[in-house]
Amino acid sequence: MRHYIKVELLRMLRNKRYVIFVVAFPVGFYLLYSNLWGSESDQATGLRGSVLLMVSMAAYGALAAAMMSTAVPWSQERHSGWLRQLQITPLPGRAIILTKLVSSLLLVLPSLLLVGLAAVLTQDVSLSPARWVELILAMWAGTIPFAALGLAIGSLLPPDTAQPVAMIGMFGLALLGGLWFPESMMPAAMKSIAHVTPSYDYARIGWRIAAGEAPHAADAAGILAWGVALVVLALVAYRRATVRA
Amino acid sequence: MRVPIPTVKPMNAIAFTDVTKRYGDVLAVDGLDLEVPAGATVALLGPNGAGKSTSINMLLGLLRPSSGEIRVFGEPPETAVANGEIGAMLQEGALIPELTVAETVDFVRRLYPRPLPLEEILRLADLTELTRRRADRLSGGQTQRVRFALAIAGGPRLLLLDEPTAAMDVESRRTFWDNMRAYAARGRTILFATHYLEEADENADRVVVIARGRVVADGSAAAIKAGVAGQAVSFLLGEQPVAGLDALPGTTGVELQGGRVTLRTTDLDATVAALYRKTTLDIRDLQLHGADLEDAFLALTKEA
């Protein structure tokens with residue numbers, strides 16, 4: 001299985017769509033936005049713009065990586081016959097979904113780390129080592145619901161629908177989570193939807209940790225509940241997609 | 001875990017016992033009984049929709065039979081697959097576009113407990129020149145070679161090929177069958193599905209003809225040809241008597257039309273020899289019609 005994970009990572013790192021949306025986009029936009037608003041201070045969180053944007057763009061990149069590395073590739077593998085190719089080898093079925101999940105979580109790391117690195121190098125962002133560790137671990141673990149969502153989409157939909165659904169889901173969640181513009185700018189209806197999305201909880205946890213405070217219990221509970229629900233959904237959808245008639 | 005092979009009774013590589021597969025109202029496989037001893041190369045010949053792919057997918061545990069039992073080396077298909085005993089080339093199967101040929105083959109071979117060495121697989125599948133090429137830059141025929149490499153990567157004792165040459169040109173086909181025979185020569189069992197009659201004739205020790213989910217003929221290609229009344233001898237009889245011709249060896253039918261008589265026979269040589277030795281007829285314009293596998297196939301698979 002270790003070799004399988006290695007192969008999965010290798011292929012995604014060679015995939016242009018992954019590299020553009022997941023690595024180039026968040027780093028590029030971070031550099032752009034932090035130059036514009038990096039020195040302003042955010043009222044809601046009390047964070048300097050360069051730190052707030054670091055968390056936002058890292059969160060966007062992580063969310064995108066988790067969904068882009070799962071939904072479409074997995075749907076394509078099911079439909080192209082690659083899944084069958086694996087099913088007729090001694091590889092057990094559960095190893096396939098587990099590998100997909102683990103690989104997806106590893107593929108989240110480049111955007112998290114590169115945005116952080118860009119923040120340190122270009123905006124002199126400095127956090128204590130303990131806070132860096134806490135921030136990265138929380139933002140890493142927090143992508144589990146999004147990876148599970150991507151896998152569920154890949155299990156339930158054919159590639160031509162999985163593609164737009166994953167894109168809309170990814171940008172929708174990023175927008176509603178307040179990753180592209182702050183919650184205070186959202187219309188009231190959008191705000192109330194935003195409050196129940198996992199990306200909203202995810203972003204708020206990141207900002208709180210960056211500000212040196214403990215995350216709100218409601219946010220932690222929210223993302224945990226989403227995580228459990230989406231992992232269960234992903235497992236059920238996987239079973240349905242691989243069931244032997 | 002390896003199960004020792006009993007020496008007294010050779011184990012069947014494949015055993016179907018009264019296997020049925022139903023999709024809703026459609027009976028894809030209808031009471032299939034088939035045994036393939038280890039080491040044989042068998043062609044599963046039949047028209048589209050005969051149940052070839054369904055049977056192969058059941059052998060791989062991808063489909064479950066509606067009733068009956070399937071054994072692969074004495075085990076249920078799922079166990080045989082988990083033990084790495086089976087390799088297969090299915091009808092459809094894309095590769096991972098971002099991986100090279102060598103990466104793909106090496107990945108799959110590592111999933112098996114007793115794989116062949118990478119170099120050997122690449123050589124057996126004619127891929128040594130293409131090892132570093134990415135899968136999305138391969139031609140159709142090259143992709144098929146990679147899929148053959150994946151099928152043999154684990155060194156399986158049973159190799160299943162479902163219409164393996166469908167996307168190949170004539171030259172690739174010939175090379176493919178050479179490669180397949182090289183693999184079979186190591187005592188492995190091979191079952192391949194095809195609707196190309198020459199392929200079955202040229203590459204299998206035994207041909208199993210299936211139609212409508214049932215075995216309709218089973219034997220060597222020659223035996224199947226002989227078993228069908230597709231052979232005939234005809235000549236101008238003129239005013240001579242037709243009586244007694246139906247008693248000639250091998251003859252199964254006599255037709256007379258406009259002075260020309262046609263004898264249907266299961267043994268062309270015996271019928272012709274007897275025609276000259278045991279009758280005193282004046283035989284003119286003798287014509288022989290040998291059966292080829294095509295005739296046999298059509299005769300066997302047409303609706304009863």
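In chain B, A88(B) stands opposite L160(B) of strand β6(B). The model is predicted; local features require pLDDT of at least 70 and side-chain atom pairs pLDDT 80 or more, whereas totals for chains, interfaces and linings use all residues. Residues are numbered from 1 along each chain as its sequence is written, and chains are lettered from A and ligands numbered from 1 in the order in which they are written.

Strands (E, at least two residues) and helices (H or I, at least four) are DSSP runs numbered from the N terminus. Strand β6(B) spans residues 158–162, and five of its five residues are buried, that is, 20 or more other C-beta atoms, placed from the backbone, lie within 10 Å of the residue's own. L158(B), L160(B) and D162(B) point one way from the strand, and L159(B) and L161(B) the other.

Strands are taken as paired if DSSP finds at least two bridges between them. Strand β5(B) (residues 86–89) runs parallel to β6(B) and is joined to it by four bridges. Five bridges join β6(B) to β7(B) (residues 189–194), also in parallel, with L159(B) opposite I190(B). Between β6(B) and β7(B) the chain passes through helix α6(B) (residues 170–184) in a right-handed β-α-β crossover, the path over the helix running clockwise with the strands pointing away from the viewer.

The open sheet comprises six strands of chain B in the order β5-β6-β7-β3-β8-β9, with mixed pairing. Strands β5 and β9 (214–219) of chain B each have a single partner strand, so one side of each lacks a neighbour in the sheet.

Methods
A residue is buried if 20 or more other C-beta atoms lie within 10 Å of its own, exposed if 12 or fewer, and partly exposed in between; C-beta atoms are placed from the backbone.
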